[in-house]
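Reader: Hi, I'm new to this one. Can you walk me through it?

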Amino acid sequence: MLSKTTHPTCGKRALQRLRREAGYRSARDFAAELGIPASTYSRYERQPEGPGMAVPLSAAWAIADRLGCSIDLVVGREDIDAPDEHPVQSRYDALSGAGRALVDSYLDFVEQSEADGPRPQGRR
């Protein structure tokens with residue numbers, strides 16, 4: 001991966017936000033889904049995130065699987081699964097308005113050419 005981006009749920013109480021975004025209103029309900037005591041899961045949500053976070057690996061995997069996210073997000077790290085910005089986008093963003101208009105025009109031409117289908121070979 002070229003660069004890592006921060007998921008909007010990283011930071012303080014990321015695990016709680018991830019749970020709520022996944023539709024689990026309470027820590028107790030989510031703990032029941034995981035098959036662990038509610039007090040254990042609540043402790044995971046309350047503890048500081050980062051390298052010192054003491055969520056057992058098996059629990060972190062189960063949480064990530066249930067929430068549909070990377071294990072990195074579960075432990076408060078950046079999202080390694082976040083899509084990287086395409087390198088062409090940063091080059092396009094650096095262009096002037098006139099330069100962007102030229103690129104847009106060219107892309108319109110290419111898209112129209114593809115929509116029209118392939119040209120017979122031997123003719124120009």
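Reader: Okay, how many helices and strands does the protein have?
Author: Seven helices and zero strands. Keep in mind that this is a predicted model. Along the sequence the pattern reads α-α-α-α-α-α-α.

Reader: What share of the residues is buried?
Author: Of the 124 residues in the protein, 30% are buried.

Reader: Where is Phe-109 found?
Author: In helix 7, which runs over residues 97–116.

Reader: What is the reach of helix 7, and what would be expected?
Author: Helix 7 has 20 residues and spans 29 Å from first C-alpha to last. That is close to the 28 Å expected at 1.5 Å a residue.

Reader: What follows helix 7?
Author: Gly-117 comes next, with a positive phi near 90°.

Reader: New topic. Is Arg-19 buried or exposed?
Author: Buried. Arg-19 has a relative accessibility of 2%, and buried means under 20%, so Arg-19 qualifies.

Reader: Where does Arg-19 sit?
Author: Arg-19 is part of helix 1, residues 14–21.

Reader: What does Arg-19 touch, leaving out residues up to four places away in sequence?
Author: The list is Tyr-24, Arg-25, Ser-26, Ala-27, Phe-30, Tyr-41, Glu-45 and Leu-67.

Reader: Now Val-55. Where does that residue lie?
Author: Val-55 is in the loop between helix 3 (38–46) and helix 4 (57–67).

Reader: A loop residue, then. Why does Val-55 count as buried?
Author: Because its relative accessibility is 11%, and the cut-off for buried is under 20%.

Reader: Which residues does Val-55 touch, again skipping those up to four places away in sequence?
Author: Tyr-44, Gln-47, Ala-60 and Ile-63.

Reader: How far is Val-55 from Val-75, in sequence and in space?
Author: They are 20 residues apart in sequence. From C-alpha to C-alpha, Val-55 and Val-75 are 7.5 Å apart in space.

Reader: Last one, on the whole protein. Of the contacts with a separation of 6 or more, what share comes from residues 24 or more positions apart?
Author: Those residues account for 49% of such contacts.

Terms used: Residues are numbered from 1 along each chain as its sequence is written. This is a predicted model: local features need pLDDT of at least 70, side-chain atom pairs count only at pLDDT 80 or more; totals for chains, interfaces and linings use all residues. Side-chain values use heavy atoms; hydrogens and water are left out. Helices (H or I, at least four residues) and strands (E, at least two) are DSSP runs, numbered from the N terminus. Buried means under 20% relative accessible area, exposed over 50%, partly exposed in between (1.4 Å probe, protein chains only). Contact means heavy atoms within 4.5 Å. The expected span of a helix is 1.5 Å times one less than its number of residues.
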